[in-house]
Structure formats: structure tokens, C-alpha cells
Amino acid sequence: MIIGVKQTDLQTNTEYDYLSVLYPEGFINPETTFFFNHDAIDHIFFLGMNDDERTVFLEKLTTYYDSEQKE
């Protein structure tokens, strides 16, 4: 289950697309979180809450990713 986007692993200073936890357990402690990138997603099983704020956020995130790829 994804709980964060554009996260940095503070131990390695590596930036990842997503931060996740096991489902249904959720966040237990920092040692049970997992970083991964967009290309590791094979299938989306469920989309959570969507509202106008999330739509604007995703648009800004897409713009950021697009500009980052052009560099």
C-alpha cells in the first residue's frame, strides 16, 4: 500500500517514487516500510480516495516528473 510519493531513503540518500507498507498491516515502524519506483508497478488493485486536492497534486507531480526527464 503506497503511503508516500517522492520519498528519500535517509540511509542511502536515494530518492524513490514511492514509499509503501504491507497491506493490510499498514505502518508498523520505519523498518517495515519499502521504497520503490514507478517502473516496479505491474498492477493497481485499488485506488483510494480521490478529491480535487489530490488531482491538483498529481498534475503538479506529473509536471515535475516530465521536467526532470527532459534534463
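# Ser-20 and the fold around it

User: In which strand is the place of Ser-20?

Analyst: Helices and strands are DSSP runs numbered from the N terminus, where a helix is H or I with at least four residues and a strand is E with at least two. This is a predicted model, with residues numbered from 1 along each chain as its sequence is written, and its local features need pLDDT of at least 70, side-chain atom pairs count only at pLDDT 80 or more, while totals for chains, interfaces and linings use all residues. Side-chain values use heavy atoms, with hydrogens and water left out. Residues 14-21 form the element that holds Ser-20, and that element is strand β2.

User: Is Ser-20 buried or exposed?

Analyst: The classes rest on relative accessible area, found with a 1.4 Å probe on protein chains only: buried means under 20%, exposed over 50%, and partly exposed in between. The relative accessibility of Ser-20 is 9%, so this residue counts as buried.

User: With which residues is Ser-20 in contact, leaving aside its neighbours within four places in sequence?

Analyst: Contact here means heavy atoms within 4.5 Å. With the neighbours within four places in sequence set aside, the partners of Ser-20 are Met-1, Ile-2, Ile-3, Thr-32, Thr-33, Phe-34 and Phe-36.

User: Which residues does Phe-34 contact, leaving aside its neighbours within four places in sequence?

Analyst: Phe-34 has its place in strand β3 and, with a relative accessible area of 39%, is partly exposed. Its C-alpha atom is separated by 5.7 Å from that of Leu-19, which is 15 residues apart from Phe-34 along the chain. Once the neighbours within four places are left aside, the contacts of Phe-34 are Tyr-18, Leu-19, Ser-20, Val-21 and Leu-22.

User: What pattern does the protein chain follow, read along the sequence?

Analyst: The protein chain contains one helix and three strands. Its C-alpha atoms fill a box of roughly 35 × 30 × 25 Å, taken along the principal axes. Read along the sequence, these elements give the pattern β-β-β-α.

User: Where in the protein chain is confidence lowest, and where is it highest?

Analyst: Confidence is expressed as pLDDT, the predictor's score for each residue from 0 to 100, and the protein chain averages 90, with 99% of the residues scoring at least 70. Where pLDDT is low, the predicted coordinates should not be read in detail. The lowest mean, 85, belongs to helix α1 (residues 52-70), and the highest, 96, to strand β3 (residues 33-36).

User: How are the rings of Tyr-16 and Phe-35 paired?

Analyst: Rings of Phe, Tyr and Trp (its six-membered ring) pair if their centres lie within 6.5 Å, and planes under 30 degrees apart count as stacked, over 60 as edge-to-face and the rest as tilted. By this rule there are two aromatic pairs. In the pair of Tyr-16 and Phe-35, the ring centres are 5.1 Å apart and the planes stand at 25°, so the pair is stacked.

User: Which peptide bond is cis?

Analyst: Most residues other than glycine have a negative phi, and most peptide bonds are trans. Pro-24 lies in the loop between β2 and β3. With omega near 10°, the cis bond is the one from Tyr-23 to Pro-24.

User: What is the phi of Asn-13?

Analyst: Asn-13 lies in the loop between β1 and β2 and is exposed, with a relative accessible area of 63%. Its phi is a positive value in a residue other than glycine, near 60°.
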